[in-house]
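Subject: Handing over the two-chain model

Dear colleague,

I am passing on the structure below, and after it I set out what was found in it. Please keep it open beside this message as you read.

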Amino acid sequence: MKNFMHALKEWWKKRRLAKAELRQEKRIQRRSFWRNLVRRFTVRKMIMAIITYLYLLLCVAIVIVPIMWLVSAAFTNVGAIIFNADGSVTYNLTNQNALTEVVDTYLGAQRSIGEYGLFPFVPDLSKFSLNTYQFLLTYDAEPSFDFFKAFFRTLGVATLNTILVVTFSSLTGFAFSRYRFKGKKGALLTLLTLQMFPAFMGMIAILGIFETFGWRDNWVALTFIYVAGAIPYNTFIVRGYMRNVSKSLDEAAAIDGASNLQILVKVIVPLAVPIMGFIAVNAFMSPWLDYILPSIIMNGKPTVGVILYKYIGGTVSSLVNNPVVFMAGALLIAVPIMLVQIYMQKYIVFGLTTGGEKG
Amino acid sequence: MQNNISKLGQFLLKVLKWIYNHTIYAVYSFFRKIVQGLIRMVKDWKANPVAFRRGLRSFFIPGWGQYKNNQWYKAIPFFVFFLLVLTVELATSRYLKAFTEIKNYPIVTQDMIEGGAFYQAYRTQGTIVNGYMITAEDIEAEGDYFGEYRQAGDFAFVDNIFNLLDATDVSATGDFYQSPYQAGDVTKKGDLSPYMLTASDIGTSGDYYQSLFEIGDVGIYIVSNQDVAANGAYFETYRKAGDRIAYVVTAQDLLPVGAYFETNRAIGNIIKYIITSEDLAVGGLYEGSGKAVGDIVYETLTAGNIDDYSGYLIAGDVVGGTLLLAPQVDYRISGDIVWDTNINGYRQLSSANVANGASYYQSPRQAGDIISADGINKPVLMTQALVADQGLFFGSGYSQGMTVPYTLTVEDVSEGGNYYQSFYARNDSFYVPIDEFDILPNQIDIKIEEGVYRRALGVHADNASDRIYFFRDYGGWFTKGIWGLITLGQIPTKVNDQSSWYRGWPIIVFRSSSQMDYPAWVEADNSTSLLTNGVIVLVVTLILLVLFIGNVSDAYHSQKLYEQTGKIEDPKKWVRRIWDSYFSYIIVLPTFLLIAFFTLIPFTFSFLTAFSSWTSRVSVPESLINWVGFSGFAQVFAGNGVNFKYFGNVFIWTMIFAIAASLTCYIVGMIQALVIQSKYVVAKKLWRTIFILPWAIPSLVTLLMFRNIFSAYGGLANQVIDSFGGTDLLIQIKGILYSLGLYGQEQAGAFSGQYIQWFGLVNYKLGRLLIIVINLWIGYPYFMLLITGSLTSIPSDMYEAADIDGASSLQKTRFITIPWILRATTPVIITTLTHNFNNFGVIYFLTGSVPATYTWTAAGTYTNIGVPNSAPSIYDILISWVYRLAMLTTVREYNIAAVYSIIIFMMVGIFSVYNLSRVKSFWEED
């Protein structure tokens, strides 16, 4: 353990030093960038720069507008939900938009936020309201709409999923990258092909298995399905990563007489921390807004994604059908995920390149 | 050209060879290795007789060979494991009871002694004597069991489930008076016994007051065993005991059978009397009474006036406090089937026929009419026998091309019927598309002969018989699991259908706690759970088989090792050796167990489903699923090629979508990456962060948001257009879209100021374009990140060399950057292609898999495989169509969905495995 801690500290120190070096390099680069810009100023370059920035701004607009709309929908009181003084809730589901509608009988009539007269994708601060959130978090008339319980249930799924996926796929990935054994090729092929069968057909069987063992509405059992589903892909990622890590360290350890387990725990695991982090983040994020699988097997005790989908995916006549609530809840869950994704950008790029290029 | 063709041929040959090498040949060589090992072992027998014997011992009892090898530490685990498996099998089985049960068919013997329920009861149809089930013929006058009493050992009904009718039941006051049942009959408790309505029943306070029933009606009639026996009313008809049938009014029914029919008036009766003019005349009964003609008086009959009012009791009289009512005339109602002399056949009356002024208005029911059994539902659909000279749906109002539900009648499945000896059973219902033959006279046979439904999707049910299914009744977890997988069940039932028997018991569907005293086999087989269990058992058995082979091989090799070295390996060394040399297996093991259970089992299940007849129309567990081989695959080409046309159209759209979605994302991603990395841009990280936002938001949120934005019901897109330019702009945009060929022409009011329907049926080109664009919005950041990553890996000396050669920045991009990126990311494009091929989320969440009707031609609606709503939506790609087929409540064509799944799997799997095989590093052993 002591050795391991030492190795970890060493590794961390090295990482910090490398980062500092990188920062320094960038600083120099940036300085030279401005210097070059001023020195080699030409009209042609100026025009190119303007075009580039105009293009970028246009792209930003395309990216930002729908997101702004999502945000303003979540925080605007559009009269869809009114909390009365006596504590009751009034749902205003009338169509406030008097404009002519094209009613297509074929098209599943889905409610649109537009029906509430909400138009601006620039937030209207005078209409700022937390009514939607109040409704989302307090509506528990039916147990299958209890957002808080669903949140903690999903948290459980995500946590267990993270632990198991990281453990299993790392072990398998190490085995596939570091050891030779009989049937390795066959096992790799099996991992690869099994996950290509359309998942819905499997879901019917999973439902059958769950009913046989009485596992419906059991979040632990749900997690195991996620784990089994996530292992193949992540195994390939770990394998791809580990192949690029020099073998000299573990070979040296083996010569020193370290056992298989010692090599695994003290050498390989510290080396693989970045990729394990990448897998952990992905595994923690994935269950939050998954819909199809939990909607089938977690009817009574839904996860967050199932509840949110109920607010938007139902029929028009349904009382709780209210896309504004969906927007609010989706934002609530999506923002942390977004932040982590942005923060982990580098690892994600790294995971993508290892996972993608090396198979 | 010639060259190209031969190149293509070579390539295809290479692909085929590769596939062969990695599938058939791989399996073949795997088994060859096992067989070779076995042969070697047997050959070595003479050389190593002891080792061979050790292996043989372990083959019979795991652990025995190890014990003989003096390796107790191996012997014990193997043996314990063996015991465990054995215990599971035995504990879940009923083997121990099998012998006595099969030999004796034990029944509660107290029933046989005097006073018992079956004392001197006749052996009836269905009773089992020494393993033989008595048939209707056996208890006829010349049958083998005629007039025999039941004896101990007979297998028959027991008292707590069935009523034994006694003399009081069939007496005038009993429940079964004038029923077809007799004393000594056994009827099922809770069954509706035929009940003849009395005057009080239809009185104002009676249960049948103002109902459609009249005095003498029999509410519902259940055919009894007697009815189907010789001399019975339904002897040698198609009816079986337990059938519920519409009741035919006979001549007897029309006779007054009321309690007071032709009863003389007696002293004490109160009679209703209407005063006539004679009564008021001089000498009349009411002379000078002040009454008028037509007045009603009630007279109590006494000895003095009985002569004046002698005669039969009539309606209006009061007897013992009960007012006698006039029998109402029993008019025909719509739904009745009557004999029409004009067509010399039966016809079913419609509401128009009995309306005021129509030919059957207030026409009384007559003998020979067929009336509804329960007075509410119409009688079963007219069968061909009833409309002998017409098509099945002739004059029904249905038109060609419609799909209608059809329920098989007894006639249909009996000899001479259209479904005689087909897989179908009586009461099965399915959808029949009506073709021109059905609505024309005399052509029905042709239609049925060519029916594809019959074989491919047939609901086959072995009729419960007197056979004993040993593993079904007695098997343990393993044997019963394998039995279930092979047969998918053998005993079906219909709810409340007394004709479903097995070994003397009526088959029930669900077991409630009150039914726990039934034996285990009374429950009907549930094919789906048998399939699930069977697959679980199969996988577990395979894992156990590997252990078993390991056990035998260990016993053999350990002895051989001992003979070579003269030393017995001690436990510590053994553990050490296993840990060291099998370490990789050990750390991989948990993963593979998990995958075996949560991926392999579902996979096998779905794979097998494709070869079964499982659809929602097989009402499990009343009916059974069947193995039907490749019939499901034949469905892809069935229906005059309509199914294949669907498949082809969906496949083409899937390919277009997959390629377009992947390429657009790749190209835009590359542009973004190159622009951000260009020397003009400062704050690269900020720009990149903004641009990866669409990818960072969970896709469920994004897709549902876009669905809302492009809603035809005032989504953001429509509102933005509306607020900027109002109706004019809407029309203008529609015009532009129209000139691009994207906007619908047929739609009424398409060019008015109505909102644009982005995901419409007619405008499907617009919707499809939008799908690709929205997918681009979500998907480009992935490639942007990926390409940014590989841009940084371009060695800078390449650019420096280019600078020395005087290359422009455009040239550098063209000749260095892009080739580098392409080389580095080609495998990812192909992975993305397969991902998009199965990109269920984009289609399902964006369009909801609607419009449900699929219109490739100008007009008309289609259904696939004869099932409504099963046709793909205009936006469906293969995977979302499979979802519709398997998951949509009204469809649930599990087997067809599995067939398409296998097709998708083959295409995607072979494509991507072949693709990976070209990536050298994937297979490199290091």
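A salt bridge is counted here when a side-chain nitrogen of Lys or Arg lies within 4 Å of a carboxyl oxygen of Asp or Glu. Please bear in mind throughout that this is a predicted model. By that rule, B:Arg472, B:Asp473 and B:Asp525 are linked in a network of salt bridges, and the count over all chains comes to nine.

B:Asp525 sits in the loop between β18 (505-506) and α16 (527-565) of chain B, while B:Arg472 belongs to helix α14 (residues 470-474), so the pair ties together parts that are 53 residues apart in sequence. Both B:Asp525 and B:Arg472 are buried.

Two other salt bridges are formed within single helices. In chain B, the side chains of B:Arg576 and B:Asp580 meet at 3.6 Å, N to O; because they are four residues apart in helix α17 (residues 571-581), about one helical turn separates them. B:Arg576 is partly exposed at 49% relative accessibility, and B:Asp580 is partly exposed as well, with a relative accessible area of 36%. In chain A, A:Lys13 forms a salt bridge with A:Glu10, and their closest N and O atoms are 4.0 Å apart. These two residues are three places apart in helix α1 (residues 2-39), so they too are separated by about one helical turn. A:Lys13 is partly exposed, at 46%, and A:Glu10 counts as partly exposed at 39%.

Turning to the chains themselves, chain B has 31 helices and 18 strands, and 46% of its 926 residues count as buried. Chain A has 14 helices and two strands, and buried residues make up 50% of its 359 residues. Among the contacts in chain A with a separation of 6 or more, 77% are between residues 24 or more positions apart; for chain B, 61% of the contacts between residues at least 6 apart join residues at least 24 apart.

Where the chains meet, 115 residues of chain B are in contact with 113 residues of chain A. Together they bury about 10,600 Å², 75% of it on carbon and sulfur atoms. The largest share of the side of chain B that touches chain A, 20 residues, comes from helix α18 (residues 583-609). By class, that side of chain B has 77 nonpolar, 29 polar and nine charged residues. Zero salt bridges are found across this interface, whereas eight residue pairs, both at pLDDT 80 or more, are in polar contact.

A:Pro302 is found in the loop between α11 (292-297) and α12 (304-313) of chain A, and it is buried, with a relative accessible area of 1%. Leaving out residues up to four places away in sequence, A:Pro302 touches A:Ser144, A:Ala150, A:Arg153 and A:Ile307. B:Thr817, in helix α27 (residues 809-837) of chain B, is buried at 5%, and its contacts beyond four places in sequence include B:Leu674, B:Leu791 and B:Tyr799.

Finally, the count of disulfides over all chains is zero. Among the cysteines, A:Cys59 is buried, with a relative accessible area of 12%, and B:Cys665 is buried at 4%.

With best wishes

Terms used: Residues numbered from 1 in each chain as written. Chains lettered and ligands numbered in written order. Predicted model: local features only at pLDDT ≥ 70, side-chain atom pairs only at ≥ 80, totals over all residues. Heavy atoms only, no water. Buried < 20%, exposed > 50% of the residue type's maximum accessible area, 1.4 Å probe, protein only. Contact = heavy atoms within 4.5 Å. Disulfide = S-S within 2.5 Å. Buried area = accessible area lost by both parts, 1.4 Å probe. Polar contact = N/O pair within 3.5 Å; in protein donor to acceptor, adjacent residues only side chain to side chain. Nonpolar A, V, L, I, M, F, W, Y, C, P; charged D, E, K, R; others polar.
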